[in-house]
Amino acid sequence: MTSTSDRSTPDAARRQPNPWWIAVIAGMASFIDAGAIVATGTALVLFQDGLGVTDGQIGQFSALLTLMIAVGAFTGGRLGDRFGRRRVFTVTLIVFAIGAGLSAMAWDPAVLYLSLTLLGFGAGADLPVSMAMVAESAPDDKRGKMITFSHVLWMAGILAVMLIGIVIGGMGTTGGRILYGFLTVVAVLVLVLRITLPESAKWQAAHDRRTSAIETAAARGTAAEADPGALRSLFRAPVLVPLVAVGLFYALVNIAANTNGQFSTYLYVNVAGSDVSTASALSLISFAVTFVGMLTLMRLVDTRWRMLGFAIGAVLVLLAMLIPAIFGVTLLTLVLNGVLFAAGGAIAGEPMFKVWAQELFSTLARSGAQGVMIAFTRVVAAAVALVTPAIIAAGPQALYWFLFATSGIALAMGAFWIARMPRVDLAEEADAAAPTLASEASVTDADAVEAPIR
């Protein structure tokens with residue numbers, strides 16, 4: 001149990017750091033997650049000669065990293081609701097740093113099985129807890145903007161590793177060690193800064209209220225309601241409906257993003273007849289467009305124009321898939337696909353998942369629900385990636401019709417279902433998140449919600 005001195009009080013609230021500082025330090029979870037994925041893809045190739053990593057092992061290591069990110073997100077999210085944001089995202093970053101350090105020092109492939117297990121678990125476990133910390137620390141009128149900013153950090157993680165990769169690409173094993181060494185240094189620096197952050201005041205208030213309710217129930221000889229962060233409670237009302245809706249949205253909208261990330265170079269070279277250098281240069285153009293799209297979302301997300309922006313982004317995403325689906329996969333259609341998807345996906349894709357994942361769940365269920373959704377999405381992405389080469393072989397246009405369908409379902413869910421759901425009022429929901437006694441009237445999230453998101 002947390003000491004009284006750590007609990008949320010007016011004085012404690014005044015001691016909270018600048019919310020933007022918390023958004024940067026906690027949001028670095030996205031930076032290291034993206035960095036770990038991209039760095040591993042490059043480092044494993046560089047380790048082939050020096051460490052004797054085989055083609056088969058590259059596939060195994062990539063699958064292992066994806067799986068452990070999913071396991072980490074599921075586990076870390078639940079622990080974050082039970083033990084607090086600060087405590088959990090400190091431990092998870094330590095695990096990540098150990099995994100990155102071991103990967104940098106790996107002397108044979110056997111070490112990589114252990115190091116990538118730790119690396120993936122630490123990155124995955126850090127994500128839902130850190131996002132909850134950002135949401136709970138942000139002012140009401142800047143919450144969406146600060147959550148969206150975490151995706152800017154995610155893109156920054158990719159860019160940083162790509163730039164390092166340009167420099168160390170010809171260094172072989174040493175280059176791979178430099179990549180993992182960079183991630184280790186970043187993790188340690190962020191860990192030092194995170195130690196200075198206080199616990200989320202909203203989580204502390206909800207946790208203390210629940211603890212008090214349990215103690216009161218015990219004194220009366222009655223039973224308190226179930227822990228809202230317990231696994232079984234995540235699959236019951238009122239959490240189940242937003243969990244299913246937002247989880248399906250993220251899993252489906254992420255299929256196109258994951259496919260573009262993993263297979264765009266393959267399509268440029270093997271279908272459109274281009275080369276790797278051209279594919280890389282064109283990817284940087286899409287990268288720049290994505291940043292512009294995210295900056296646009298940051299301006300719109302906390303205003304009444306949010307869903308108009310979402311609708312425009314959805315149209316761009318669907319148009320991006322239709323062009324190669326109708327006109328065939330050529331260099332021109334791939335460029336148009338990349339640019340349009342970069343602009344639309346930044347507004348109507350994963351960043352909106354992160355926003356909705358904070359707004360629709362109470363404090364004591366927030367990071368646990370995110371963990372479930374992130375884990376589910378990673379598993380779906382891995383499964384689709386296994387069959388994507390077969391879809392391309394059957395006809396590359398078929399791939400884009402498939403992506404059009406999955407994206408269309410997701411975007412329709414976002415516009416006509418999720419956007420109409422009542423959101424938790426973070427200024428009041430600590431009370432709603434705390435359980436009442438089973439013998440008293442039940443309190444649900446519906447008692448602390450605002451009007452539907454527009």
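The exercises below, each with a worked solution, concern helix packing and cavities in a predicted model.

**Exercise 1.** Determine how helix 3 and helix 15 are oriented relative to each other.

Solution. 
Step 1. Two packed helices are described by the angle between their axes and by the distance between the axes.
Step 2. For helix 3 (residues 55–83) and helix 15, the angle is about 170 degrees and the axes are 7 Å apart.
Step 3. Angles over 145 degrees count as roughly antiparallel, so helix 3 is roughly antiparallel to helix 15.
Step 4. Sorted by class, the residues of this contact are twelve nonpolar, seven polar and four charged.

**Exercise 2.** Classify the packing of helix 6 against helix 14, and list the residues that make the contact.

Solution. 
Step 1. Helix 6 covers residues 143–168 and helix 14 covers residues 350–359; their axes lie 9 Å apart at an angle of about 135 degrees.
Step 2. The crossing of helix 6 with helix 14 is right-handed.
Step 3. Helix 6 makes the contact through Gly144, Ile147, Thr148, Ser150 and His151, while helix 14 uses Glu350, Pro351, Lys354, Val355 and Gln358.
Step 4. Among the residues of this contact, three are nonpolar, five polar and two charged.

**Exercise 3.** State how many cavities of 30 Å³ or more the whole structure holds, and describe the lining of the largest cavity.

Solution. 
Step 1. The search finds two such cavities.
Step 2. The largest cavity contains about 80 Å³ of space.
Step 3. Its lining consists of Asp33, Leu127, Met131, Trp154, Tyr250, Glu350, Phe353, Lys354, Gln370, Ile374 and Arg378.
Step 4. Helix 5 (109–137), helix 14 and helix 15 (363–394) each give at least two residues to this lining.
Step 5. The classes in the lining of the largest cavity are six nonpolar, one polar and four charged.

**Exercise 4.** Find which helix gives the largest share of the lining of the second largest cavity.

Solution. 
Step 1. The second largest cavity has a volume of about 40 Å³.
Step 2. Ile255, Asn258, Thr259, Gln262, Phe263, Ala381, Val384, Ala385 and Thr388 form its lining.
Step 3. Two or more of these residues come from helix 10 (240–270), and two or more from helix 15.
Step 4. Helix 10 gives the largest share, five residues.
Step 5. Five residues of this lining are nonpolar and four are polar, with no charged residues.

Technical notes:
Residues are numbered from 1 along each chain as its sequence is written. This is a predicted model: local features need pLDDT of at least 70, side-chain atom pairs count only at pLDDT 80 or more; totals for chains, interfaces and linings use all residues. Side-chain values use heavy atoms; hydrogens and water are left out. Axes are lines fitted to C-alpha atoms, for helices over the stretch in contact, and angles run from 0 to 180 degrees between N-to-C directions. Helices (H or I, at least four residues) and strands (E, at least two) are DSSP runs, numbered from the N terminus. Angles under 35 degrees count as roughly parallel, over 145 as roughly antiparallel, 65 to 115 as roughly perpendicular and the rest as oblique. A crossing is left-handed if the near helix is turned anticlockwise from the far one by less than a right angle, and right-handed if clockwise. Contact means heavy atoms within 4.5 Å. Ala, Val, Leu, Ile, Met, Phe, Trp, Tyr, Cys and Pro count as nonpolar, Asp, Glu, Lys and Arg as charged, and the others, Gly among them, as polar. On a 1 Å grid over the protein atoms alone, a cavity is a set of points where a 1.4 Å probe fits but cannot get out, and a pocket is an open set with protein on both sides within 12 Å along at least five of seven lines; lining residues have an atom within 4 Å of a point. Grid points are joined across faces, edges and corners, and a volume is the space filled by probe spheres set on the points.
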